[in-house]
Amino acid sequence: MTWDLLLTGGTPGDVAIRDGRIAAVGGPPGAARAIIDVTGCLITPGLIDLHTHVGPGYWGIDPGPVAWRSGVTTWVDAGSAGAYTAAGLRAVARAADVRVHALLNISAVGLAGRTGESRDLANCDVALAIDTIQADRELFHGVKVRIDAETVGANGVEPLRRGLAAAEACGVPVMVHIGTAPPALDEVLGLLRPGDLVTHCASGIAAPLGPAVRDAAARGVLLDLGHGSGGFAFDVLEAQLDAGLRPYTISTDLHARSLHGPVFDLPTTMAKLLACGVALPDVITAVTAHPARALDLPGGSLTVGDPADLAIFEVREEPLTVVDAHRQTRVSPIRLVNRATYVAGRPLPPRLPAAPAPWIPLTDTQRAALARREHDLRALLATPIVDVDGLAEQFPRAFPAPILPRSDSLPRSEPRSS
Ligand SMILES: [Zn+2]
């Protein structure tokens, strides 16, 4: 058997790829058209980020410039699109070189704007949501409902009831976002079914630490990290871990306002769990097998026959200071550095990040860092990558260079008179 590609020397063993699929893991060595030495590296299934925003609108980002350097091969858009804006998300999913799946916002306007999408209940149309999900089961794997005071106004948990009705009809889970009350957190948690997800589960604002969150977890409601720009606090996570509650899935809520900090990317978010004492294998499971299971997504394991979505990480045992959404810091004992990311057996090529949209607030320090990065990139790319020693004469000449007369021996032309 000849493989298309063989990754050798990594953990959990050599991985062979053929026709875009995983052909062997730790198996007998075979000949390969290309061999890449990943000695000392961890090979994981392509990471699945269960809460991102890649659809058009206020929050959306392009996944490409982050995916290739972070190992995230499956991006779940969590509610950027509602029924009215699903076509825009579908176009993004089609054009992306990563896999994009989505949770449909119960509000048909989705997150075209900053918030407030469920203040008008006319937008929370159950029948329309069901039709939209059923029309594209490949893209939509669940329903997203954002429940906080700004989003729902005077509507309480009614948008969640409608989201649950749509999800029930389609046989998919609901992911509920929690934040500033009202509605009361306990009322929100009390409505959720086994398999539904609570994102921003370690939110410093909602602070789900009471008996309601324990009850929800006990009946099979899944906790999703959903870091975001305001949805994660170390002290809340630590209190939950002390109480025996651990996020089932670790997601970033990566969007235009969290990309430049405090989230940055999924490996950095994973380091925040490591900083709180969660073991590396558990952290990996929470970004691979668990999100795949939660939304019935393909991938999430190194199974022979599956598409070869893979991430290669250097696991550096060096301290990394990490920050939550409230500027609390902790130190991770491990730093995960992505070395390569494969989708269907093909490495994702480097992609440069675009400038943030003009409506995104940034600190002066973030702006200066972006300017510095642009300067460094320009300098890097403007520097010739090799000198003469790194070049071949691609088109050798048949004859030696003709010898021209020296310029001082040429006859001088008369100065022209004007
Ligand atoms: Zn979000």
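Predicted model: local features only at pLDDT ≥ 70, side-chain atom pairs only at ≥ 80, totals over all residues.

At what angle do the axes of helix α3 and helix α5 cross, and within what distance do they come?

Modeller: Helix α3 covers residues 126-135 and helix α5 covers residues 158-170; their axes come within 9 Å and cross at roughly 40°. An angle counts as roughly parallel under 35 degrees and as roughly perpendicular from 65 to 115, so α3 and α5 are oblique to each other. The crossing of the two helices is also right-handed. On the α3 side, the contact is made by Val 126, Ala 129, Ile 130, Ile 133 and Gln 134, while α5 brings Arg 162, Ala 165, Ala 166, Ala 169 and Cys 170. Sorted by class, the contact of α3 with α5 has 8 nonpolar residues, 1 polar residue and 1 charged residue.

While you have the model open, look at Val 188 too, which lies in helix α6, residues 185-191. Its relative accessibility is 2%, and buried means under 20%, so Val 188 counts as buried. Leaving aside residues up to four places away in sequence, Val 188 touches Ile 147, Val 157, Leu 160, Val 176, Ile 178 and Pro 183.

Methods. Residues numbered from 1 in each chain as written. Heavy atoms only, no water. Axes fitted to C-alpha atoms, helices over the stretch in contact; angles between N-to-C directions. Helix = DSSP H or I, 4+ residues; strand = E, 2+ residues; numbered from the N terminus. Parallel < 35°, antiparallel > 145°, perpendicular 65-115°, else oblique. Left-handed = near helix turned anticlockwise from the far one by under 90°. Contact = heavy atoms within 4.5 Å. Nonpolar A, V, L, I, M, F, W, Y, C, P; charged D, E, K, R; others polar. Buried < 20%, exposed > 50% of the residue type's maximum accessible area, 1.4 Å probe, protein only.
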